[in-house]
Amino acid sequence: MAKSTIYAGLEIGTSKICVVVGEAKRDGTIKILGVGTAPSRGVRKGEIVDFQKVQTVLNDALVRAEEPSDVMIRTVFLGVTGGHIKSLNSRGAWRLPEDQAEITEDDVEEAKEIARNVEIPQDHVFLHSITRQYIVDGMEGVRQPIGREGRVLEADYHIIHGVRGRIQNAVKCVREVPLEVEDVVFTGIAAAQVVLNREAKAQGALMIDIGGGTADYVLYEDGMIAASGCVPLGGDHITQDIAMAVQIPDRRAEELKVTEGSCLFEDLTPDDIVRVEDDNGFMIAEVERSFLNEVIYLRTREIMEQVKTRCEGHIGHLAAGIYLTGGTSLLKGIDVVAEDVFERKVTRAGSAPVSGVTATFEKPQFSAPIGLIRYAQILDQEKPFMSPLRRLGRKMADLLSVMP
Amino acid sequence: MVEYDRHALKESVEPGSLKTCIVGVGGAGGNVLDRITLDRTVDAKLVSVHTDIRVLGHSMTPHKVQLGVELMRGVGAGGDPDLGREAAVFSREQIREAVDGHDIVFICTGLGGGTGSGAAPVIADIAKSTGALVFLTATMPFSFEGKRRLKQAEESLEQLQKRADALILFENNRMGELTLPKDGIQKAFTQADQLIAQSLRAVSTILTTPGLVKLGLDDLTAALNTSNGRCLFGFGEARGQNRGNEAVKRALKSPLIDQGRLLHQTKTLLVHIAGGESLTLLEVDAIMKQLGKNVPDQTHILFGVAVDPKLGDSVCVTLLSSLGLAQLNTVAAAAPPVEMLPIKERSMPSIMDSMPSVPKAAKAPKPAPAEDAMEMLFRTEEISAPAAPTHLTVEPEPQPEVEEEIVSQEVPVEEPAFEAPETPEAFEAPVAQEEPPPFEDEIVIEQEVTAYIPEPEPEPVKPARPPRPRIEDFIPQTVARPATTTLAAVVARNPAPPVEDASFMPASRTPKVSEEEAQIAFQFGSEQDRGRRFQQTEPVLADGGEDLDVPTWMRLKRKLKR
C-alpha cells in the first residue's frame, strides 16, 4: 500500500468554492499540495441554487488547485451543508447469547445495527453514523468492547442526516464536471477534525464554523460528539443587514463589513462616521459607526443564539469553550459576542498547522476544506482496504470520535 | 415458409399430464412468445403465427406457421383484420395441424391490428374444434392508436369472447403502471410481455405441476367461467424473509387485479401456491389468511398447492378469477388504480372532483377505461417533461403554478432531472426521490427555476403567484396598509423570540437614521424585506416562526415600535 495517499476535498460554499489537494502521510500528518478557490456564485445558505454558475466556478477552482499540486483530480470528498441537516443520538442494546461470555465483533455489529436503525424522515438519508461510545453492562465510556466480558452491549451513535434530494443535487452537480464523489461529508464534521484537538474534545468544546451562508456547529462532550447541525445564517445575512440598513449595494456592504465592520458598538462617539463611496469615489452613504456596528452585532448575536438553542440539552461542562472558525469568525468583536451568549471562553481558530507549499491555510476560511482531507485520511486509517468508490446513501463507516 | 428447429422442445410426456400449446398471433403475440421461448420456463409447444414472413423469420419460436401464403405472399395484413381473417382461413389446415392433440391451447395476440385481430378468432375456433381448452391473452391497443384500431380491437374481442374459455385482457394504456415514468419505452413493453408470459406460465404450471392439492381443468373452468367475462390474473413471487406475505402483496398489486379490489366482486377465485421444498404449512396458512382479507366471504376459493424443487426458496402465488361483463361495467375494471377512485359510485361528476390527478372519466363504461388510463399515462409524461401544458387545469392548486412557471421560464437543461424527483405520488418513483412534502417540492423547484435570474435585479418573476404563505404571515404586505396595523398584526402573530429582551438593546440607542429608515422599511414589500440575496431561497425560520432572513435590526425595530 502506498505510503502516502493524495486526497482532494471540495467544499461548495456560499462565499467561496474551494478545492484542496492534500497528501496524507502514514504518520498522520497532512501536506497541502494545492488549494484552489474561486468566489462562489449560485449558492445560498450553503445550498446550490444555480447549477451552471456553480459549475463554472467549480471548474475555475479545480484548475487553480490542480496546477500547483500537479495532480489530476478525479475523485473528491464533497462537503455538504444546509439548514436541512439534522442530527441525533441513538443507542442500541444487544443482549449477548446465553452461552457467550465475551463480546465479539459480531456482537458489536449487532449493536451497531440496532443503534443505527433509527427513524429519520422519509426524504432524509444518512450522512454519518459516528460512534460515540460503547456501554457494557451499564458501564459507559468503553471504546473497545471486543474481548470484554459482559451481558449487554450498547452502542451509542451520533447520527447525522439530511434531505436526500438536496444532497444528491450537490453530488449531481459535481458529477457533471465530471468528478467522482468518493464520499459526502458534513462540513461541520470535517472542520471539527482540524479545529479541535484531542484535548479540546476531551474537555468538551463547541466548534462553530461561521461561513458565508451557514453556521455549522459541532459539539463535543467527554471526548464524544454530542450534537451537530447547521444554522442557515451566516456572513451573507450580516451583509444583507448592512446593505438594507445603510441602503447601499451588496458589494459595498460586504466591503464595509470586512474593512470597517465590528460587533462592538458601544463606547463610540456619535460623530464617528463611516463614509461609503462608490467606484468613482462619490459618496453614496454616510453612517454612524455605532449604527453600523449595532446592526452587525444584532445579527451576529442572533446567529450565536440560534446555535445555542439548538445545542440546548447537550451543552454540559464545555471546559475548552467555544471555537470559532470560518470566514465570519474574523469579524472584530465576534468573540465578545460569543462569550456573552455562551458564557464560556472563546478561541478563534483556523485549522491545525499543516505543512505545505502555502502555509496560509491556517486561515479560518479553510478549516472545512482542509478538514475534508483529514477526514479522508481518518477514513482510510479505519478501513484501509475499502474500495474508493462508494455510493451516496449508504451508511458511512464508523468514525471514532476521538482520533487515534 | 421458414423452417426453424433450433430448439427441439422435448415435450415432457408424462402419462396423464396435460399437453399445452401456446400460439402467438401477429406481431405482439410473437413478442410474447419470444419472451417465453427465451425464458424457457414453460413446457409447451410454442407456435408463432403470422402473415408477415419477415416477422416470422425473426421469431425465436421453434414452430411457425405462415398464414395465407398465396393470398398475402408473405406480407403483413396492414392493419386490416379482414385480411388477417382471410389469411387464417386459408391456412386453417396448417393451423389445425399445429394445435391438434393438445389439451390446452393458449392464444396470445395483440388486438387492433390486422393479423392479431383477424386471425385470432379463427385460430380460437380451430383450437376449440380439436377439443382443447382455449385460453386467450390479448392486449388492447393504446388509446393514442386511434378510434379505428380500438374499434377493430373491440370487435375482435367480442368474437374471441364467444370462442374462448377464458380471456385475460391487458390494456396497453396501463403499461405505464408497470414501470417508472422515466424508464425507457422498451422496458415498458418488455414488462408487459413478461406479465403476459407470467400469466401463461402460471396457468400452465397450475395445471401441469404435480401438486399436493391438485387443481384440474375443471377447477380452472369453474374459476374462469363467466360468459363474456374478463379474466383477472395476479402473480407474485418472492423469496427470503416474509416471502409469503410479499408474494401475496405482489400478486395483489398486479395491474390486472387492481389492488385486489376487483376480487371483491368475484364469485370464484383460484389460488395456487407454489414453492420449493422449504414451503411450510404455516406460510401457506398465512398466505391464505392474507388473501382472505381481500376476498368476500361468499367467494368460492379453489385452492391448490404445489411443490416444485426448481423454485428453490422462492414462493409463487397465482390468483385467477374472472368477472362477468355485467360486473365489469359496474366496477369499471380497467380504470385507473385503486387509490384514485371510490369503489361505490362511479358517476361521472364525483370522480372529477374527488381526486386531483384522476382524469375525467368518460361517458360510457366501455371506452372509459381506455381513456382514463390514457389520460393518466399522459399526465405522468407531462409531469416528467415540463413542456406539456395541456392538462394543467385538472391538477391541484400548487402544481399549475409551478408548471406554468417552469414552462414560461425557458427551462434549462437540468429541469427535467429535477422534475423527476419531485413528481407527485401518482407513481412510485424510488429513484432516490422520496416524496418530499409538497411544499418542499414547490420551494425546491422554484429555486431551480429562478436561479437564472441574475442576483442584483429585484424580483420581476412572481407577479400573480400567491407568495409563500410563511413570509406573508410575518412581514407587512404593502404600502397600502397603515403601518401600525401591519406591525400590530405582525407582532401579534409572533411571540417575541427569547432573544428579545431590552438588555442588550439600550433603549436610548436608536440608530440615527431611524425615522426615514423605518418608513423606508415599511414601504418594502415582503420579498424585499428578506434581502435580495435570499429572495428565491427557502426562508429560515426560528422556533417562534420568525423569518430569520429578514434583517435582525428590522425585526427588532418593529417589535420595539409597538
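# Helix packing and backbone details in a predicted model

Helices α6 (residues 235-246) and α8 (residues 289-311) of chain A pack with their axes 9 Å apart, at an angle of about 145°. This is a predicted model. Chain A holds 10 helices and 19 strands.

**Chain A as a whole**

- Chain A has 404 residues, and 56% of them count as buried.
- Take the contacts in chain A between residues at least 6 apart in sequence: 70% of these join residues at least 24 apart.

**Helix pairs**

- Two packed helices are described by the angle between their axes and the distance between the axes.
- The crossing of α6(A) and α8(A) is right-handed.
- On the α6(A) side, the contact residues are H237(A), I238(A), D241(A), I242(A), A245(A) and V246(A). They meet L292(A), V295(A), I296(A), R299(A) and T300(A) of α8(A).
- The crossing of α5(B) and α6(B) is right-handed.
- From α5(B), the residues R92(B), I95(B), R96(B) and V99(B) take part in the contact. Their partners in α6(B) are V122(B), I123(B), I126(B) and A127(B).

**Helix α1 of chain A**

- Helix α1(A) covers residues 51-69, which is 19 residues. From first C-alpha to last, α1(A) reaches 26 Å, close to the 27 Å expected at 1.5 Å a residue.
- The buried residues of α1(A) are F51(A), V54(A), V57(A), L58(A), A61(A), L62(A), A65(A) and S69(A). Why do they lie on the same side of α1(A)? They cover an arc of only 150° around the axis.
- D70(A) follows α1(A), and its phi is positive, near 60°.

**Backbone exceptions in chain A**

- Most residues other than glycine have a negative phi, and most peptide bonds are trans.
- The bond between V177(A) and P178(A) is a cis peptide bond, with omega about 10°. P178(A) sits in the loop between α3 (164-175) and β11 (180-186) of chain A.
- K45(A) has a positive phi, near 50°, and is not glycine. K45(A) belongs to the loop between β4 (43-44) and β5 (47-48) of chain A. Is K45(A) buried or exposed? K45(A) is buried, because 27 other C-beta atoms lie within 10 Å and the cut-off for buried is 20 or more.
- D222(A) also has a positive phi, near 55°, in a residue other than glycine. Its loop runs between β13 (215-221) and β14 (224-231) of chain A. D222(A) counts as partly exposed, with 17 C-beta neighbours inside 10 Å.

**After helix α8 of chain A**

- E312(A) lies in the loop between α8 and β17 (321-325) of chain A.
- E312(A) has 8 C-beta neighbours inside 10 Å, so it counts as exposed.
- Which separation do the C-alpha atoms of E312(A) and A227(A) have? They are 9.3 Å apart, although the two residues stand 85 residues apart along the chain.

Key. Residues are numbered from 1 along each chain as its sequence is written. Chains are lettered from A and ligands numbered from 1 in the order in which they are written. This is a predicted model: local features need pLDDT of at least 70, side-chain atom pairs count only at pLDDT 80 or more; totals for chains, interfaces and linings use all residues. Helices (H or I, at least four residues) and strands (E, at least two) are DSSP runs, numbered from the N terminus. The expected span of a helix is 1.5 Å times one less than its number of residues. A residue is buried if 20 or more other C-beta atoms lie within 10 Å of its own, exposed if 12 or fewer, and partly exposed in between; C-beta atoms are placed from the backbone. The arc is that of the directions from the helix axis to the C-beta atoms. A crossing is left-handed if the near helix is turned anticlockwise from the far one by less than a right angle, and right-handed if clockwise. Two residues are in contact if their C-beta atoms, placed from the backbone, lie within 7 Å. Axes are lines fitted to C-alpha atoms, for helices over the stretch in contact, and angles run from 0 to 180 degrees between N-to-C directions.
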